[in-house]
Amino acid sequence: KKRRGDDASTDKGKEAPPTPKTPTSKAKSATSPAAKRAKTASPAKSPKSPPPSTTPPNGWREILDIIRQLRETRDAAVDTMGCERLADPEASIDTQNFQTLISLMLSSQTKDEVNAAAMARLREHNGCTASMLAKMESETLNSLIRTVGFHNNKTKYLLKASQRIVEEFDGRVPEDLDTLLTFDGVGPKMAIIYLNVTREEGTDAVGIGVDTHVHRISQQVGWVPESKDPEKTRRHLEAWMPQSHWSEINVLMVGLGQQVQATGGLVVATRAIALAAKRRGAADEALKPVRLALTLGVKPATIAQAFADAPASLSRRPGIVERLSEWGVKVV
């Protein structure tokens, strides 16, 4: 079986700590007037969300093309330390798949660099195979992954997952979404990314892995309605986006989001200015990469800093400086 590496990254989805129990108040008498009213009152109806639109948003292909160009060098943290990069290439396919699942389970609320270091410690300790991890003492495992977010919960999840994989699946990670979702600590995002990474060569991606970067950027560029739920974002994206693009979205957007957040987005600003210098047409057409960078949260001052190193020919083009000024970018 051949592994695919197109769609995998750190999983930045929010993993909530265990919900504390809240004290319950004493129930009212079933014969009290309040209880009788509660029985006869009609339940409040919550408004239903409209189904995802299958109509693609205007200009989405051009936005995707600009994102690809901004990410052309593939030099974000996810490109070297994403979850699909952390398995031992010399191990068997079953072990590589297992290590990919483990890295995904470790990755929530954890930076790529920290996750990669934790995986390295696991591999150095016992090879990080399903059989070895299933027999590991919880204290030892917790110590090895102590730097990742929610490491106490993840220790329990990893031990249970390893034991299930050994006992129920003959040491092989299940290959269907529904079964993966029965593992504690594995949500839709992790399961989708796992299946996309490990799928057979030439087969379609099973979905779009939506982490906080994909969730945020998809809303910023107008591809999906505003929502606090990454799963809603996934459903909306999959409703209209051709399946042939699903596998690339996660890594593209995670890397872009990382670089927007790093050093104030200077890398993104510099590349957006460079793209603008190469584009033809009027100011608005040429500056679309810059407009996208601003939409993604790059500060106008950072754009101005990058513009200082732009070719002089760009600033001489009609309307460029004026349009940047309207967007709050003060260039000299």
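What follows is a chat between two colleagues about a predicted model.

Colleague: Hi! Before we zoom in, how many helices and strands does the protein have?

Modeller: Hi! This is a predicted model, so keep that in mind throughout. The protein has 19 helices and zero strands.

Colleague: And what share of the residues is buried?

Modeller: Buried residues are 47% of the 332 residues in the protein. As for contacts with a separation of 6 or more, 70% of them come from residues 24 or more positions apart.

Colleague: Nice. Let's look at Trp 60. Which helix is it in?

Modeller: Trp 60 belongs to helix α2, which covers residues 60-70.

Colleague: Is Trp 60 buried or exposed?

Modeller: Buried, because its relative accessible area is 6%, and the cut-off for buried is under 20%.

Colleague: What does Trp 60 touch, leaving out residues up to four places away in sequence?

Modeller: Trp 60 touches Trp 223, Trp 240, Met 241, Pro 242 and His 245. Take Trp 223: it is 163 residues from Trp 60 along the chain, yet their C-alpha atoms are separated by 7.2 Å.

Colleague: Staying with α2, at what angle does it pack with α16?

Modeller: About 85°, and the axes of α2 and α16 are 10 Å apart. That angle makes the two helices roughly perpendicular.

Colleague: Which residues meet there?

Modeller: On the α2 side you have Glu 62, Ile 63, Ile 66, Ile 67 and Leu 70, and they meet Lys 288, Pro 289 and Leu 292 in α16. By type, the residues of this contact split into six nonpolar, no polar and two charged.

Colleague: And α14 with α16: what angle and axis distance do you get?

Modeller: Helix α14 (residues 266-278) packs with helix α16 (residues 288-295) at about 160°, and their axes are 7 Å apart. The pair is therefore roughly antiparallel.

Colleague: Who does the touching in that pair?

Modeller: From α14 come Val 268, Ala 272, Ile 273, Leu 275 and Ala 276. Their partners in α16 are Pro 289, Val 290 and Ala 293. The residues of this contact are eight nonpolar, no polar and no charged.

Colleague: Changing topic: how many residues of α13 are buried?

Modeller: α13 is mostly covered, with 15 of its 16 residues buried. Its first and last C-alpha atoms are 24 Å apart, close to the 22 Å expected at 1.5 Å a residue. After α13 comes Thr 263, with a positive phi near 45°.

Colleague: I noticed Gly 255 in α13. Why does Gly 255 count as buried?

Modeller: Because its relative accessibility is 0%. Setting aside neighbours within four places in sequence, Gly 255 contacts Arg 71, Ala 76 and Val 78.

Colleague: Which helices do its buried residues pack against?

Modeller: They pack against α4 (93-107), α6 (130-134) and α7 (138-144). Among the buried residues of α8 are Asn 153, Lys 154, Leu 158, Leu 159 and Ile 165.

Colleague: What happens to phi just after α8?

Modeller: Asp 170 takes a positive phi of about 55° there. Most residues other than glycine have a negative phi.

Colleague: What about phi for Phe 150?

Modeller: Phe 150 is not a glycine, and its phi is positive, near 55°. Phe 150 sits in the loop between α7 and α8, and its 30% relative accessibility makes it partly exposed. Gln 109 also has a positive phi, about 55°, and is not a glycine. Gln 109 is in the loop between α4 and α5 (112-126), and at 41% relative accessibility it counts as partly exposed.

Colleague: Last one: which side chain does Thr 179 have a polar contact with?

Modeller: The side chain of Asp 176, at 2.7 Å. Thr 179 lies in helix α9 (residues 177-180). Not counting residues up to four places away in sequence, Thr 179 touches Phe 169 and Pro 174.

Note on methods. Residues numbered from 1 in each chain as written. Predicted model: local features only at pLDDT ≥ 70, side-chain atom pairs only at ≥ 80, totals over all residues. Heavy atoms only, no water. Helix = DSSP H or I, 4+ residues; strand = E, 2+ residues; numbered from the N terminus. Buried < 20%, exposed > 50% of the residue type's maximum accessible area, 1.4 Å probe, protein only. Contact = heavy atoms within 4.5 Å. Axes fitted to C-alpha atoms, helices over the stretch in contact; angles between N-to-C directions. Parallel < 35°, antiparallel > 145°, perpendicular 65-115°, else oblique. Nonpolar A, V, L, I, M, F, W, Y, C, P; charged D, E, K, R; others polar. Polar contact = N/O pair within 3.5 Å; in protein donor to acceptor, adjacent residues only side chain to side chain. Expected span 1.5 Å × (residues − 1).
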